[in-house]
Amino acid sequence: MLTILAAIVLFGVLITVHELGHFLVAKGTGMLVTEFSIGFGPKLIQRKIGETLYSLRLCPLGGYNRIAGMEPGEPVTPRGFNGRPLWARMLVILAGPFMNFLLPVVIFFGVFATSGLDIPVDKPVAGSLMAGYPAVEAGLQEGDTILRINGQPLTRWKDINSLVQANGPVPAKLLVQRGDRQLELTLKPQYDGQSGRFLIGIKPPVEHRELGVGESLKTAVTSVWRISTAMVDGLRKIVTGKVNAEISGPIGVAHMAGDVAAQGVIPYLEFMAFLSLNLAVLNLVPIPALDGGQFLVLVVEGLLGHALAPRAKELIQLVGVACIIALTLFATMHDLLH
């Protein structure tokens, strides 16, 4: 039950925020929005306010704005999407991903302002250890200070990773300070094919800091920037074949949502923020039917000086929808088989 509820809230919030971005900018630029819907399938609740029908549908895994003049072949009208200036259409398309970037800023700001921040300590000290990884098997314990690796002295946390990567798969000799004793341990790094790195399974110790309002906002923005750039870099590595893609469909995401919800409100909110950033980055990929693909079409139309033929737009959308359906089916099968 927790997994179902956590997944419904997660998908509902992310979709609502995304579609709200399109909706607000469409309204703000004078476009006619005939329906704002969260979910798809049979309608559960609907109410018309002004010229817009607001509806909540049975399945929460989707949502949309029905903007006049957005579908290929629709007549051009002054308030239709296809009748508005190019800059207005571009803003409407980008507004969805923008809101998915904005939501994590709000979430992180709230978390940092109310709960503070755990900051990694830049010392070669073992914080938490991951079960089943080489550090535990070598006998390393939480709080141990790693003095040397293969005779090389360490002064900062990043020295551990640098020496582990340089040493490769060869077992390393560790000199460890534990209390008033010095111990020698042998550690054999574990190669991770996905990241292309050697892992030992330790995390740095952390110290807790309370943050003021200004510092919370600054830290939230920098956190969103750091995570987003890491996602873009990871996507680049997947496309270039440097790392393997790990794909989760709706079922996999729902299970993860249930797992983090069981850990508490803050882990759940952080997961929501992470997924929102993932949605924003992926939506900007120039694949037809995604926001990035639609934006690319607008760029092409701007360069040509006229709209593409309705038939061309239909074909582009069909290709995009087919790609998304194929990817969704593949991810769902992956969830069911693993």
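Helix 1 and helix 2 cross in a right-handed way. They pack at an angle of about 140°, with their axes 7 Å apart, and that makes helix 1 oblique to helix 2. Keep in mind that you're looking at a predicted model.

**Helix 1 with helix 2**

- On the helix 1 side, the residues that meet helix 2 are Val 13, Leu 14, Val 17, His 18, Leu 20, Gly 21, His 22, Val 25 and Ala 26.
- Helix 2 answers with Leu 91, Val 92, Ile 93, Ala 95, Gly 96, Pro 97, Met 99, Asn 100 and Leu 103.
- Sort the residues of this contact between helix 1 and helix 2 by class and you get 13 nonpolar, 5 polar and no charged.

**Helix 1 with helix 7**

- Helix 1, which covers residues 2-28, also packs against helix 7, at an angle of about 45° and with the axes 11 Å apart.
- An angle like that makes helix 1 oblique to helix 7.
- Helix 1 passes helix 7 in a right-handed crossing.
- From helix 1, the residues taking part are Ala 6, Val 9, Leu 10, Val 13, Leu 14 and His 18.
- Their partners in helix 7 are Tyr 268, Phe 271, Met 272, Leu 275, Ser 276, Leu 279 and Asn 283.
- The contact of helix 1 with helix 7 splits into 10 nonpolar and 3 polar residues, with no charged ones.
- Look out for Val 13, Leu 14 and His 18 in helix 1: they meet helix 7, and they also meet helix 2.

**Helix 2 with helix 8**

- Helix 2 packs against helix 8 (residues 291-304) at an angle of about 165°, and their axes are 9 Å apart.
- Angles over 145 degrees count as roughly antiparallel, and helix 2 and helix 8 are therefore roughly antiparallel to each other.
- Their crossing is left-handed.
- Helix 2 brings Leu 86, Arg 89, Met 90, Ile 93, Leu 94 and Pro 97 to this contact.
- Helix 8 brings Asp 291, Gln 294, Phe 295, Leu 298, Val 299, Glu 301 and Gly 302.
- Here the contact residues of helix 2 and helix 8 come out as 8 nonpolar, 2 polar and 3 charged.
- Ile 93 and Pro 97 of helix 2 meet helix 8, and both turn up in the contact with helix 1 too.

**The second largest pocket**

- This pocket has a volume of about 570 Å³.
- It's lined by 15 residues, and the closest to its centre are Leu 117, Asp 118, Ser 223, Arg 226 and Ile 227.
- Helix 2 (86-115), strand 3 (117-120), helix 5 (213-239) and helix 7 (265-283) each give two or more residues to the lining of this pocket.
- Split by class, the pocket lining has 8 nonpolar, 4 polar and 3 charged residues.

**The cavity**

- Rolling a probe the size of a water molecule over the atoms shows where empty space is left.
- Searching the whole structure turns up 1 cavity of 30 Å³ or more.
- The largest cavity has a volume of about 40 Å³.
- Its lining is made of Leu 140, Ile 146, Ile 149, Ile 160, Val 164, Ala 172, Leu 174, Leu 187, Ile 200 and Ile 202.
- At least two lining residues each come from strand 4 (145-149), helix 4 (157-167) and strand 6 (172-178).
- By class, the lining of the largest cavity has 10 nonpolar residues, no polar ones and no charged ones.

Key:
Residues are numbered from 1 along each chain as its sequence is written. This is a predicted model: local features need pLDDT of at least 70, side-chain atom pairs count only at pLDDT 80 or more; totals for chains, interfaces and linings use all residues. Side-chain values use heavy atoms; hydrogens and water are left out. On a 1 Å grid over the protein atoms alone, a cavity is a set of points where a 1.4 Å probe fits but cannot get out, and a pocket is an open set with protein on both sides within 12 Å along at least five of seven lines; lining residues have an atom within 4 Å of a point. Grid points are joined across faces, edges and corners, and a volume is the space filled by probe spheres set on the points. Helices (H or I, at least four residues) and strands (E, at least two) are DSSP runs, numbered from the N terminus. Ala, Val, Leu, Ile, Met, Phe, Trp, Tyr, Cys and Pro count as nonpolar, Asp, Glu, Lys and Arg as charged, and the others, Gly among them, as polar. Axes are lines fitted to C-alpha atoms, for helices over the stretch in contact, and angles run from 0 to 180 degrees between N-to-C directions. Angles under 35 degrees count as roughly parallel, over 145 as roughly antiparallel, 65 to 115 as roughly perpendicular and the rest as oblique. A crossing is left-handed if the near helix is turned anticlockwise from the far one by less than a right angle, and right-handed if clockwise. Contact means heavy atoms within 4.5 Å.
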